[in-house]
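Hi,

Here is the structure I promised to pass on.

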Amino acid sequence: MTATPSLRPAMVPVVRFVVRPADVAPGVIAAARAAVTRAVVLYDGDCRMCTRLAGVLRRLDRHGRFEVVAGQSIALETRFPWLTRDALAEALHLVLPGGATHVGAVAVAEIVRRLPGGALPAGVLRLAPVAWLSDRLYRWVARNRHALGCGAHCRYVPGSEVAG
């Protein structure tokens, strides 16, 4: 009996935590974290959906609280040495002043909280059942973004040199 190939795209895990690359000295990371003075939103600039949503965030951020940057457009290893290109290709990252980093649905809730009028919606997003559901929804969208308007370039393969 032969297996029938699946027509579904491969499941892609979404980053749940950030790990420091082994070749980066802790002192370098501490200095880089201290250099972060404004909240930075890092998104996948190769993804059309991510790019459109980054544009929406820029319009909503009337007070300039965020620096919204495509992960591919920065010297990541210098500016955020605790992050990897693979991690940025998998999920949205929010780096706060001092270097604390939120990923995925947690990052979305924190971004919403910092926008004008966002305290109440963010509070709802942090409620246990809603947070659980938004995390699952975020991971589903991240895994399936190629079918949601991004095209084949968003079929991210963990460990690949080109992410998108």
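**Salt bridges, cores and a pocket**

Arg-139 and Asp-135 join their side chains in a salt bridge, 3.0 Å from N to O (a salt bridge being a side-chain nitrogen of Lys or Arg within 4 Å of a carboxyl oxygen of Asp or Glu). Before going on: this is a predicted model, where local features need pLDDT of at least 70 and side-chain atom pairs count only at pLDDT 80 or more, while totals for chains, interfaces and linings use all residues. Residues are numbered from 1 along each chain as its sequence is written, and side-chain values use heavy atoms, with hydrogens and water left out.

Back to that pair: Arg-139 and Asp-135 sit four residues apart in helix H7, so about one helical turn separates them. (Helices are DSSP runs of H or I with at least four residues, strands are runs of E with at least two, and both are numbered from the N terminus.) Arg-139 counts as buried at 16% relative accessibility, and Asp-135 is buried too, at 15%. For the cut-offs, buried is under 20% relative accessible area, exposed is over 50%, and partly exposed is in between, with a 1.4 Å probe and protein chains only. Asp-135 also forms a salt bridge with Arg-136, with 2.9 Å between the closest N and O atoms; Arg-136 is partly exposed at 33%.

The salt bridge count comes to seven. Another of them links the side chains of Glu-110 and Arg-126, at 2.2 Å from N to O. Glu-110 lies in helix H5 and Arg-126 in the loop between helix H6 (119-125) and H7, so this pair ties together parts that are 16 residues apart in sequence. Glu-110 is buried, with a relative accessible area of 5%, whereas Arg-126 is partly exposed at 44%.

Now the overall layout. There are seven helices and four strands, running α-β-α-β-α-α-β-β-α-α-α from the N terminus. Of the 164 residues, 40% are buried.

The largest nonpolar core has 22 residues, and Val-41, Phe-66, Leu-94 and Ile-111 touch the most other members. (A core here is a set of buried Ala, Val, Leu, Ile, Met, Phe, Trp, Tyr and Cys residues joined through side-chain atoms within 4.5 Å.) Two or more residues of this core come from each of E1, H2, strand E2 (66-70), H5 and H7, and H2 gives the most, with four. Another core lies apart from it, with 14 residues including Val-36, Phe-80, Leu-88 and Val-95.

Last, the largest pocket, with about 810 Å³ of space. On a 1 Å grid over the protein atoms alone, a pocket is an open set of points where a 1.4 Å probe fits, with protein on both sides within 12 Å along at least five of seven lines, and lining residues have an atom within 4 Å of a point. Grid points are joined across faces, edges and corners, and the volume is the space filled by probe spheres set on them. Of its 35 lining residues, Leu-53, Leu-92, Val-108, Ile-111 and Tyr-138 lie nearest the centre. H7 supplies the largest share of the lining, nine residues. By type, the lining has 29 nonpolar residues, one polar and five charged, where Ala, Val, Leu, Ile, Met, Phe, Trp, Tyr, Cys and Pro count as nonpolar, Asp, Glu, Lys and Arg as charged, and the others, Gly among them, as polar.

Cheers
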